[in-house]
2 protein chains.
Amino acid sequence: MNAAAGQIKRGRKFDQVLEGAQEVFMRDGFEGASVDDIARAAGVSKATLYSYFPDKRLLFMEVATGQCQRQADECIQAIDPELPPGEVLRGSAERMMGFYLSEFGRAVFRIVVAETERFPGLGREFWEAGPAKSRDVLIDYFHEANARKKLRVPDAELAADQFTELCKVDLHPRLLMGLCGEVSEAERDRVATGAVEMFLARYGV
Amino acid sequence: MNAAAGQIKRGRKFDQVLEGAQEVFMRDGFEGASVDDIARAAGVSKATLYSYFPDKRLLFMEVATGQCQRQADECIQAIDPELPPGEVLRGSAERMMGFYLSEFGRAVFRIVVAETERFPGLGREFWEAGPAKSRDVLIDYFHEANARKKLRVPDAELAADQFTELCKVDLHPRLLMGLCGEVSEAERDRVATGAVEMFLARYGV
DNA sequence: CCCAAAGTGAACTGATTAGTTTATATTCAT
DNA sequence: ATGAATATAAACTAATCAGTTCACTTTGGG
């Protein structure tokens with residue numbers, strides 16, 4: 001009884017099911033993924049799959065939130081407020097872009113946006129597992145930097161959201177709409193630099 | 001032979017079909033919408049629907065691009081370069097937010113993002129019917145304002161994308177993920193003001 | 001008023017899907 | 001080794017959906 005996660009039964013093939021589900025959901029979306037495909041990808045019988053997850057929605061929720069949580073925790077590191085703001089922001093920009101522009105980040109975003117109407121709670125769950133965390137980290141940092149007079153940020157929430165949005169500039173929408181398949185290092189650099197410059201022009205001391 | 005639009009046959013009930021299709025697609029997405037539902041909503045028999053549109057995808061394409069074009073053209077007005085930049089930007093922000101935050105804008109965006117992988121060309125078609133236009137208008141204006149020394153914009157494309165993204169701050173993602181249902185006038189104002197201030201801090205003369 | 005084009009409704013095909021069942025096989029702790 | 005828990009393959013149900021067909025009715029121009 002070491003780790004009773006939710007009310008979902010654990011067992012030998014639990015992780016195997018989750019991995020297969022992740023692969024297929026990320027590739028085909030929620031509606032597009034068939035349970036037979038998932039079972040095949042997981043190397044598991046459909047009956048086994050259903051013995052772990054009573055239905056497709058629960059399985060999907062587990063994949064979306066669990067995996068997203070893991071991925072986001074990796075990306076969102078604490079900020080060192082001793083560094084100059086430009087460096088703090090630069091690092092933050094790179095980490096956020098790493099998440100939003102990754103294949104996984106895009107796939108989850110795509111699915112969440114697509115299914116959020118039919119799937120109450122999915123949007124919030126994703127938001128809290130990922131974006132909200134990096135938002136909170138930024139907000140805390142802005143308060144701190146304000147107090148130390150390293151930045152002049154009257155509305156930390158707005159500033160955090162603005163910076164986040166500046167990190168998506170152009171690349172995120174373009175990827176989401178399939179206007180391009182890959183993003184070069186140079187393009188990322190251009191956007192990250194642009195975001196930091198703009199932010200400092202507005203909120204720098 | 002006054003208006004042969006594409007190779008799609010026109011006829012008495014053409015617009016009726018399109019209206020029904022728009023209603024159902026916007027509500028249920030592409031996969032979620034059934035052709036029977038559309039026919040019912042349009043007040044038309046399925047056979048009639050299929051006599052106009054050989055399949056569901058073509059019908060959807062017609063709805064997405066046609067209607068989006070109309071809506072976008074309404075929002076994207078020419079810019080008066082005589083006005084002070086702050087006013088130009090403010091008006092632009094309001095018009096873009098009007099599109100992105102509208103029920104229609106969100107629904108189309110949601111569907112495009114969801115289906116763009118399975119629907120080659122859909123993303124580009126939407127992009128060019130809508131966002132690309134306002135982007136071009138902004139870019140032209142920045143060149144003009146640069147020449148007149150009313151702004152100092154070294155990279156007009158980047159600046160246009162940054163401003164566009166600043167107009168989405170927080171509200172667009174939150175709506176897309178169902179974290180809130182409506183956006184108050186005060187919130188829009190806060191974001192629009194923030195976008196203009198930030199932009200001018202970076203690129204103002 | 002007539003007739004051809006356009007529209008209707010309802011039944012049909014064929015394919016796919018979520019989820020269940022069953023009889024059998026594998027795994028593993030004792 | 002044995003037996004109970006776990007997993008399997010395959011067939012099955014019931015529903016849904018895109019697209020077709022057809023016998024019939026409505027519409028509107030001449």
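To superpose two copies, their C-alpha atoms are fitted on each other by least squares, using residues with pLDDT of at least 70 in both. In this predicted model, a rotation of 180 degrees with 0.0 Å of shift along its axis places chain A on chain B, with an RMSD of 0.0 Å. That is the relation of a two-fold axis. The same surface serves both copies, since 100% of the contact residues of chain A recur in chain B.

Next comes the contact between the two chains. Chain A puts 30 residues into the contact, and chain B puts in 30 residues. On the side of chain A that touches chain B, at least two residues each come from α1 (14-32), α6 (103-115), α7 (122-129), α9 (156-168) and α11 (185-203) of chain A. Sorted by class, that side of chain A has 13 nonpolar, six polar and 11 charged residues.

DNA strand C is surrounded by 17 residues, and the closest are Ser34(A), Lys56(A), Arg12(B), Ser45(B) and Thr48(B). At least two residues of the surface near DNA strand C are supplied by each of α2 (35-42) of chain A, α3 (46-52) of chain A and α3 (46-52) of chain B. The largest share, four residues, is from α3(B). This surface divides into five nonpolar, five polar and seven charged residues.

Around DNA strand D there are 17 residues, of which Arg12(A), Thr48(A), Ser34(B), Val35(B) and Lys56(B) come nearest. Two or more residues of the surface near DNA strand D come from each of α3 of chain A, α2 (35-42) of chain B and α3 of chain B. Here α3(A) gives the most, with four residues. The classes near DNA strand D are five nonpolar, five polar and seven charged residues.

Two packed helices are described by the angle between their axes and the distance between the axes. For helix α4 (residues 56-75) of chain A and helix α5 (residues 85-100) of chain A, the axes come within 9 Å and cross at roughly 160 degrees. Angles over 145 degrees count as roughly antiparallel, so α4(A) and α5(A) are roughly antiparallel to each other. The crossing in which α4(A) passes α5(A) is right-handed. On the α4(A) side the contact is made by Gln71(A), Ala72(A) and Cys75(A), and on the α5(A) side by Arg95(A), Gly98(A) and Phe99(A). By class, this contact has three nonpolar, two polar and one charged residues.

Key: Residues numbered from 1 in each chain as written. Chains lettered and ligands numbered in written order. Predicted model: local features only at pLDDT ≥ 70, side-chain atom pairs only at ≥ 80, totals over all residues. Axes fitted to C-alpha atoms, helices over the stretch in contact; angles between N-to-C directions. Parallel < 35°, antiparallel > 145°, perpendicular 65-115°, else oblique. Left-handed = near helix turned anticlockwise from the far one by under 90°. Contact = placed C-beta atoms within 7 Å. Nonpolar A, V, L, I, M, F, W, Y, C, P; charged D, E, K, R; others polar. Near = placed C-beta within 6 Å.
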